[in-house]
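Dear colleague,

I am handing over the structure below, together with notes on what was found in it. Please look through the structure first and then read the notes beside it.

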Amino acid sequence: MPGSDSSNANCVCGLPAPYDDCCGRFHRGDARAPTAERLMRSRFAAFSVEDEAYLLKTWHPSTRPPRIDFDPALRWQRLEVLRTTGGGLLDTEGTVHFRAHYVRRKRPGHLEENSRFVLHDGAWLYVTALP
């Protein structure tokens, strides 16, 4: 990812594009994620490269933590988007149900979540996980 030769490999977010052209452009601030799903994908990639600034910037102020504590034993591997509702170019809110795969201490696992996103001041933001 950033600063490594892997920037030409497909992005960890699951789309068939190199990191620099995919989520890297959102992380650098060259563009904003146009949909809730693209924001979800870019946030997953940000967790993968431990980009705390991007994660906090794309977190709604009402639920944003003061900082992100990354687990040094955990490596995010790949993302599956299972379902989306709303969150498109003409929407102001949406949900993304996803499964995020990781390896922690050589053991594979996954996190499944249905996340809520809102359009706030012209940018998509993560709000919270839905029950």
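The residues that line the second largest pocket divide into 9 nonpolar, 1 polar and 2 charged, where Ala, Val, Leu, Ile, Met, Phe, Trp, Tyr, Cys and Pro count as nonpolar, Asp, Glu, Lys and Arg as charged, and the others, Gly among them, as polar. A pocket is defined on a 1 Å grid over the protein atoms alone, as an open set of points where a 1.4 Å probe fits, with protein on both sides within 12 Å along at least five of seven lines, and lining residues have an atom within 4 Å of a point. About 200 Å³ of space lies in this second largest pocket, a volume being the space filled by probe spheres set on the points, which are joined across faces, edges and corners.

Before going further, please note that this is a predicted model, in which local features need pLDDT of at least 70 and side-chain atom pairs count only at pLDDT 80 or more, while totals for chains, interfaces and linings use all residues. Residues are numbered from 1 along each chain as its sequence is written, and side-chain values use heavy atoms, with hydrogens and water left out.

Among the residues lining the second largest pocket are Met 40, Phe 44, Trp 76, Phe 98, Glu 113 and Tyr 126. Helix H2 (36–49), S2 and S3 each supply at least two residues of this lining, and H2 gives the most, with 4 residues; helices (H or I, at least four residues) and strands (E, at least two) are DSSP runs, numbered from the N terminus.

The largest pocket holds about 250 Å³ of space. Of its 15 lining residues, those closest to its centre are Arg 32, Lys 57, Thr 58, Ala 123 and Trp 124, and the elements that give two or more residues to the lining are helix H3 (52–57) and S4. S4 provides the largest share, 3 residues, and the lining as a whole divides into 8 nonpolar, 3 polar and 4 charged residues.

**The nonpolar core and some buried residues**

In soluble globular proteins, nonpolar side chains tend to be buried together.

Ala 36 lies in helix H2 and is buried, with a relative accessible area of 1%; buried means under 20% relative accessible area, exposed over 50%, and partly exposed in between (1.4 Å probe, protein chains only). Leaving aside its neighbours within four places in sequence, Ala 36 is in contact (heavy atoms within 4.5 Å) with Gly 87, Val 96, Phe 117 and Trp 124.

His 97, in strand S2, is also buried, with a relative accessible area of 14%. His 97 and Glu 113 are 16 residues apart in sequence, yet 5.6 Å apart in space, C-alpha to C-alpha. Ile 68 sits in the loop between H3 and S1 and is buried at 12% relative accessible area; not counting residues up to four places away in sequence, Ile 68 touches Phe 47, Glu 52, Leu 55, Leu 56 and Trp 59.

**Two loop residues with positive phi**

Most residues other than glycine have a negative phi. Lys 106, although not a glycine, has a positive phi of about 70°; Lys 106 is placed in the loop between strand S2 (93–104) and strand S3 (107–120) and is exposed, with a relative accessible area of 80%. Asp 121 has a positive phi near 50°, lies in the loop between S3 and strand S4 (123–129), and counts as exposed at 70% relative accessibility.

**Confidence**

The chain averages a pLDDT (the predictor's confidence in each residue, from 0 to 100) of 94, and 94% of the residues score at least 70. Over residues 1–6, however, the pLDDT is below 50, and beyond near neighbours in sequence this stretch has 7 contacts in the model. Where pLDDT is low, the predicted coordinates should not be read in detail.

With best wishes
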